[in-house]
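User: Hi! Could you walk me through this one? I'd like to start with a single residue and its surroundings.

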Amino acid sequence: MKKTLLILLALVAIVVIIYSYYGGFSSIKIDNQATQKEILVYQPLKGDYKQSADVMNTIYQTLIEEYGIETQKGFGIYYDNPQEVQKENLRSDVGCILNLTDSAKIVQLSSKFLIKEIPAKKYLTATFPYKGQLSIFIGICRVYPALHHYVIKNNIPPIGAVMEVYDVPNKQIHYRIVEH
């Protein structure tokens with residue numbers, strides 16, 4: 001009985017440590033943050049949001065291998081609430097954020113990808129630590145309810161599309177409400 005209890009306590013401790021490492025106990029601060037203009041290279045998706053990582057990685061690899069462009073940030077713009085829309089009907093735009101202003105290169109990319117400009121402005125934003133794939137899942141479970149609560153508490157129109165920016169160098173995920 002003691003061995004079983006010790007094993008159970010050890011497993012609980014391991015789960016708590018992993019949850020903590022990937023941001024499970026991080027505070028979630030929501031505020032309006034100004035962003036700079038961003039150029040997005042993306043592919044629209046219809047279906048389960050789980051496809052996002054594969055598409056983002058494919059675009060990232062194509063940018064490196066075919067164009068010599070290395071990006072530091074990936075993104076997904078998620079238009080539908082998966083609790084309200086069937087998986088096969090979920091809509092999103094997924095890709096990478098470019099760090100270049102060379103319009104000729106952007107035109108060249110537009111022959112293979114869709115390109116979109118996100119204007120510089122203030123967005124309702126929450127930030128969560130990014131330490132790997134598990135951070136994304138924990139962030140979804142913690143940030144979206146916090147955003148929803150904030151919107152209700154502050155009498156803001158219902159949440160529309162949410163953009164998740166995976167900021168690899170700064171080890172953060174930024175959640176932005178981009179459409180009301």
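Analyst: Happy to! Bear in mind that this is a predicted model. Let's take Asp80: leaving aside neighbours within four places in sequence, Asp80 is in contact with Tyr49, Val85, Asn89, Leu90 and Arg91.

User: Which side chain does Asp80 make a polar contact with?

Analyst: That would be Arg91; the two side chains are joined by a polar contact of 2.7 Å.

User: And where does Asp80 lie?

Analyst: In the loop between β3 (73–78) and β4 (91–98).

User: Is Asp80 buried or exposed?

Analyst: Buried, because its relative accessibility is 15% and the cut-off for buried is under 20%.

User: Switching to aromatics: how many aromatic pairs are there in the whole structure?

Analyst: A search of the whole structure gives 5. One of them is Tyr19 with Phe25: the ring centres are 5.0 Å apart and the planes stand at 80°, so this pair is edge-to-face.

User: Why edge-to-face?

Analyst: Because the planes are at 80°, and an angle over 60 degrees counts as edge-to-face. As for accessibility, Tyr19 is partly exposed at 31%, while Phe25 is exposed at 55%.

User: How accessible are Tyr144 and Tyr175?

Analyst: Tyr144 is partly exposed, with 24% relative accessible area, whereas Tyr175 is buried at 0%.

User: What about the rest of β8, how many of its residues are buried?

Analyst: 5 of its 6 residues, so β8 is mostly covered.

User: Which strands does β8 pair with?

Analyst: Strand β6 (residues 122–129) runs antiparallel to β8 and is joined to it by 6 bridges. Strand β7 (residues 162–167) also pairs with β8 in the antiparallel sense, over 6 bridges. On the β6 side, Phe128 stands opposite Ile173; on the β7 side, Glu164 faces Tyr175.

Notes: Residues numbered from 1 in each chain as written. Predicted model: local features only at pLDDT ≥ 70, side-chain atom pairs only at ≥ 80, totals over all residues. Heavy atoms only, no water. Helix = DSSP H or I, 4+ residues; strand = E, 2+ residues; numbered from the N terminus. Buried < 20%, exposed > 50% of the residue type's maximum accessible area, 1.4 Å probe, protein only. Polar contact = N/O pair within 3.5 Å; in protein donor to acceptor, adjacent residues only side chain to side chain. Contact = heavy atoms within 4.5 Å. Phe/Tyr/Trp six-rings, centres within 6.5 Å; stacked < 30°, edge-to-face > 60°. Pairing = 2+ DSSP bridges.
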